[in-house]
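Q: Could you walk me through this structure? I'd like to start with the charged side chains.

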Amino acid sequence: MKKKLITLENVEGFIVGDELNISKDMILLPKVNDYLKNKGIRTRYISNSCKSLEERIKLILTKDFNISDEKVIGEVLKKVKGGINNGY
């Protein structure tokens, strides 16, 4: 199983609202833990069978809506993440 290294550069992509879902295949750098505490972001441990929000959205777009254009998928992800982070 390949591990995902969570850094200050990519942590925002894993945060949903005020939570970071952590699975066994993720490695958090110590600086990331400090960053999360300072931002008031809670960590939640999940099973490996759960996919990240981004992965679930991509799967829905491709399987249910037949959208395969990476640009469109990227725009949808950006909108959804922005909406979640702004309290929608």
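**Salt bridges and helices**

A: In this predicted model, the side chains of E54 and K58 meet in a salt bridge, with 3.4 Å from N to O. Both residues lie in helix α2, four residues apart, which is about one turn of the helix.

Q: Which other salt bridge does E54 make, with K81 or elsewhere?
A: The side chain of E54 also meets that of K81 in a salt bridge, at 2.8 Å from N to O. E54 lies in helix α2 and K81 in helix α3, so this pair ties together parts that are 27 residues apart in sequence.

Q: And L77, is that buried or exposed?
A: L77, which is found in helix α3, is buried, because its relative accessible area is 7%, and buried means under 20%. Leaving aside neighbours within four places in sequence, L77 is in contact with E54, I57 and K58.

Q: OK, what comes after α2?
A: Helix α2 is followed by N66, whose phi is positive, near 55°, and N66 lies in the loop between α2 and α3. Most residues other than glycine have a negative phi.

Q: Back to salt bridges: how many are there in the whole structure?
A: A search of the whole structure finds six. One of them joins the side chains of R42 and D18, at 3.0 Å from N to O. R42 lies in strand β5 and D18 in the loop between β2 and β3, so the pair ties together parts that are 24 residues apart in sequence.

Q: Which residues are linked with those two in a network?
A: The network of salt bridges links D18, E19, R42 and R44.

Technical notes
Residues are numbered from 1 along each chain as its sequence is written. This is a predicted model: local features need pLDDT of at least 70, side-chain atom pairs count only at pLDDT 80 or more; totals for chains, interfaces and linings use all residues. Side-chain values use heavy atoms; hydrogens and water are left out. Helices (H or I, at least four residues) and strands (E, at least two) are DSSP runs, numbered from the N terminus. Buried means under 20% relative accessible area, exposed over 50%, partly exposed in between (1.4 Å probe, protein chains only). Contact means heavy atoms within 4.5 Å. A salt bridge is a side-chain nitrogen of Lys or Arg within 4 Å of a carboxyl oxygen of Asp or Glu.
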